[in-house]
Amino acid sequence: MESQDVYFMLQALREAERAFSRGDVPVGAVLTRDGEILAKGSNIKTFDPTAHAEIQVIRAGAERIGNWNLQNCDLYVTLEPCPMCAGAAVNARIRNIVFGAWDPRCGAVGTLYDIPRDVRLNHRCEVRGGVLKETCSELLREYFRKKRNIKYVKIDSERD
């Protein structure tokens with residue numbers, strides 16, 4: 001695990017904690033380029049089904065640099081992206097997707113699907129999963145325990 005991955009995942013975790021404190025699902029994301037943070041965001045409780053953390057930072061990053069093509073950018077997210085977010089990362093030409101917790105229900109970056117590395121697509125992203133996975137998983141488990149008042153929620157698969 002690279003120290004840069006840990007640093008930016010900690011930044012994404014801060015965004016996830018902000019979402020948690022608002023009562024939103026605690027998923028945070030950070031978009032970087034050349035070691036600089038371009039955008040930070042988290043899931044937002046809204047009527048918009050695309051208001052995922054990854055979509056928030058992809059939109060903000062593209063606006064900031066004035067280009068939809070984010071080929072030199074890296075996406076850090078606390079939970080493995082879903083099919084929508086994985087597809088958005090491919091369409092935006094994201095270079096690397098780095099995530100924390102694996103998502104056994106919706107994960108599209110290696111668990112259920114592997115959209116960013118699908119050779120049939122015109123762009124592929126490098127992927128690194130499991131960065132600070134225990135910390136990322138625990139925040140999600142705590143949110144769902146509180147929300148549903150239950151003792152255990154399986155968020156993270158048993159992957160290494």
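Let me start with helix α1. Its buried residues are D5, F8, M9, Q11, A12, L13, E15, A16 and A19. Keep in mind that this is a predicted model.

What covers those residues? The cover over the buried residues of α1 includes β1, β2, β3 (73–79), β4 (96–101), β5 and α4. Now the geometry. α1 has 20 residues. From first C-alpha to last, α1 reaches 29 Å, close to the 28 Å expected at 1.5 Å a residue. After α1 comes G23, with a positive phi near 90 degrees.

Next, one residue from that list. E15 sits in α1, which covers residues 3–22. Is E15 buried or exposed? The cut-off for buried is under 20% relative accessible area. E15 is at 9%, so E15 counts as buried. Which residues does E15 contact, leaving aside neighbours within four places in sequence? The contacts are G28, A29, K40, G41 and S42.

E15 also has a charged partner. R18 and E15 form a side-chain salt bridge, at 2.4 Å from N to O. Both residues lie in α1, 3 residues apart, about one turn of the helix. In general, an α-helix has 3.6 residues a turn, so residues three or four places apart point the same way. R18 is partly exposed, with a relative accessible area of 44%. E15, again, is buried.

Stay with salt bridges. How many are there by this rule? The count comes to 12. Turn to helix α4, residues 133–148. K146 pairs with E142, the closest N and O atoms being 4.0 Å apart. These two both lie in α4, 4 residues apart, again about one turn of the helix. K146 is exposed at 56% relative accessible area. E142, at 27% relative accessibility, counts as partly exposed. Salt bridges that share partners join E134, E138, R141, E142, R145 and K146 into one network. Within that list, R141 and E134 form a salt bridge with closest N and O atoms 3.9 Å apart. R141 is buried, with a relative accessible area of 13%.

Now the core. In soluble globular proteins, nonpolar side chains tend to be buried together. Here, the largest nonpolar core has 45 residues. Which of them touch the most other members? They are L31, L70, L75 and I94. The elements giving two or more residues to this core are α1, β1, β2, α2 (53–65), β3, α3 (83–91), β4 and α4. Take L70. Not counting residues up to four places away in sequence, L70 touches L31, I58, G61, A62, I65, A92, R93, I94 and R95.

Last stop, the loops. Most residues other than glycine have a negative phi. D34 is not a glycine, yet its phi is positive, about 50 degrees. D34 is in the loop between β1 (28–33) and β2 (36–42). D34 is exposed, with a relative accessible area of 67%. L132 also has a positive phi in a residue other than glycine, near 55 degrees. L132 lies in the loop between β5 (126–128) and α4.

One more loop residue. F47 lies between β2 and α2. F47 counts as exposed, at 86% relative accessibility. How far is its C-alpha from that of G100? The two C-alpha atoms are separated by 26 Å, with the residues 53 apart along the chain.

Notes:
Residues are numbered from 1 along each chain as its sequence is written. This is a predicted model: local features need pLDDT of at least 70, side-chain atom pairs count only at pLDDT 80 or more; totals for chains, interfaces and linings use all residues. Side-chain values use heavy atoms; hydrogens and water are left out. Buried means under 20% relative accessible area, exposed over 50%, partly exposed in between (1.4 Å probe, protein chains only). Contact means heavy atoms within 4.5 Å. The expected span of a helix is 1.5 Å times one less than its number of residues. A nonpolar core is a set of buried Ala, Val, Leu, Ile, Met, Phe, Trp, Tyr and Cys residues joined through side-chain atoms within 4.5 Å.
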